Amino acid sequence: MSSPAPVLQSEWTKIRTVASTKWTLLLALLVTVALGAVVSAVMNNTFDDLEGVELATFDPTYVSFAGTSLGQLAMIVFGVLVVGTEYSSGMIRTSLQAVPRRGLFYVCKIAAATALAFVVAMLTSFLTFFLGQALLGDHAASIGDENVLRAVVGGGLYMTLIAMLAMGVATMLRSSMLSLGILMPFMFLVSPILSAVPGAKDFARYLPDQAGSRIMRVVPNALNSGETPYGPWGGIGIMLLWVAAALIGGYLVLKNRDA
Amino acid sequence: MTKRYGKTLAVDNLSFQVHPGHVTGFLGPNGAGKSTTMRIMLDLDAPTAGGVRIDGKHYRELAEPLSYMGALLEAKAMHGGRSAYNNLLCLAQSNRIPRARVDEVLDIVGLSAVARKKSKGFSLGMGQRLGIASALLGDPKILMFDEPVNGLDPEGIHWIRNLMKNLAAQGRTVFVSSHLMSEMALTADHLIVIGQGRLLADTSMADFIATNSRSYVRVRSPQHEELKDAFQRAGLTAVEVGDGSFEVEGADAAKAIGELAAQNSLTLHELSPQQASLEEAFMQMTAGSVEYHAHHPGDPTTPGAPGPQWGPGWGGAPAGDDTEKKG
């Protein structure tokens, strides 16, 4: 029986030898950090305009993570392409000839891609925090402040989980285009719109992105974002359930369908 | 094994064995179920019923399968954004095949010069060579190629023919599909013919040729009855074909017939030696696959049975009568 180590090495080679890996991850990092820096700088300059609830719930850590909403889209593209290109190129049939144990193939692919996503996401998260705080001047938080380290590590976890969600969805749909066509509008439109609609708001809180991003807030209702019925780790737990569902769904499709 | 897609039966109770040391040709028209069968052999598709064992094992049970069985299914089943070398490297790594072997197979298929180029820029022929390289990667005992000559230039076709023969000569099992009989005639030692997912023939190439490459002479004369009598007196077996011509077995019968006609002062309008090609035999076999299967499943002699079915009037009742007489 083939063991995981060679398959992991093979999947790692696959990931590092395509240009899309470099571009998507670089974009995720740059967009998150740059947008976070811009928002932090603007906040610093307009801090005196803040009033009432917004002032009371000012969360410098969360402000520096403002770029996540856009940077996560590049993370999604990374996760989708890692899986989707196997299908669009027909490589999947060659891959499964080399590793016919589909469970092993799947776990190794997800593991290799997740490991890389994790490293980039953590780097992004710490970079965006420190740069953001530097630009927030007198209003900055310190990494040693209560719950701040949790939020920063959480930001990295969130980005990693987003990539994993994309991998699971792409395996289920077996198509990059279809997966991006569903995930992009969902993250960019559906989820924010639902959270703004009064009736749908309670439901929208349990969507993977909204539940997961709770961990990046040091102040629970940061910038008047509303209370959540779960805590930071509870939110990550909810997101984990979504990710698990997507990955298990992907496994079942891969296991049971003709390649 | 059987494979059903919805209502379509792609592979219908197909059963055969492939043995080492030979090139086994897997022949059938487009849509006969060749590729489906090959995908099932590799556990890519699950059969609706039955299964494939490779030396008693399922493909998915093979440890490091590339070292056991190599296959080329489609020319472009590689990531186009990755170089030829890296495409092969990630396959090699998954089966613990040393890196040096990647350079080796690229050299064997003649792609060393473009090893670092992205494979999406490859022509169909180059893609085919890359696919063959991936099949050879693990130096496997069993090799399977699906339409390997597709897209290759004449030099490439010549190369793949020799490659397959050499691989078989080394004692390996070579299983190659094609929809071209002429191609198979040049490479295969053994033939498995399928049509509409059913087995039509499982025979050695030599037998197939002996049975099907019939040569005969077509004779046509306005003095039809006189010619028939002359044949009878001379002891020549002539088969009457529907359109009023005769067919006489043997390519060298033309000389005897010409002389016979001259002796009897008979006018001939046609005296032409004919050779039934293997391609014709194959087309005949697969065209009526359902019927043949119903009467003689897997009997290689049935579809190629000599007789008036070769003539233009094949299928006509009088021709059938003549077959009986002749027999």
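Me: Which residue does B:Ile194 stand opposite in strand 8 of chain B?
Reply: This is a predicted model, where local features need pLDDT of at least 70, side-chain atom pairs count only at pLDDT 80 or more, and totals for chains, interfaces and linings use all residues. Residues are numbered from 1 along each chain as its sequence is written, while chains are lettered from A and ligands numbered from 1 in the order in which they are written. Strands here are DSSP runs (E, at least two residues), numbered from the N terminus. In strand 8 of chain B, the residue opposite B:Ile194 is B:Leu199.

Me: How many bridges pair strand 7 of chain B with strand 8 of chain B?
Reply: Two strands pair if DSSP finds at least two bridges between them. Strand 7 covers residues 190-195 of chain B, and its pairing with strand 8 of chain B is antiparallel. The number of bridges is 6.

Me: Which residue in the turn between strand 7 and strand 8 of chain B has a positive phi?
Reply: The two strands of chain B form a hairpin, with 2 residues between them. One turn residue has a positive phi of about 50 degrees: B:Gln196.

Me: Why is strand 8 of chain B described as largely enclosed by the rest of the structure?
Reply: A residue is buried if 20 or more other C-beta atoms, placed from the backbone, lie within 10 Å of its own. Strand 8 spans residues 198-204 of chain B. It is largely enclosed because its buried residues number 5 of the 7.

Me: In what order do the 4 strands of the open sheet in chain B lie?
Reply: The pairing in this sheet is antiparallel. Its edge strands, each pairing on one side only, are strand 10 (238-240) and strand 12 (270-275) of chain B. The order is 10-11-9-12.

Me: What is the bridge partner of B:Ala238 in strand 11 of chain B?
Reply: Strand 10 and strand 11 (residues 246-249) of chain B run antiparallel, joined by 3 bridges. For B:Ala238, the partner in strand 11 of chain B is B:Val248.

Me: How many Å separate the centres of domain 1 and domain 2 of chain B?
Reply: Domain bounds come from an automatic or database domain assignment. For chain B, that assignment gives domain 1 (3-210) and domain 2 (215-275). Taken over C-alpha atoms, the separation of their centres is 48 Å.

Me: Over which residues of chain B does pLDDT stay under 50?
Reply: pLDDT is the predictor's confidence in each residue, from 0 to 100. Chain B has a mean of 83, and 87% of its residues reach 70 or more. The stretch under 50 is residues 290-327.

Technical notes. Buried ≥ 20, exposed ≤ 12 C-beta atoms within 10 Å, placed from the backbone. Contact = placed C-beta atoms within 7 Å.
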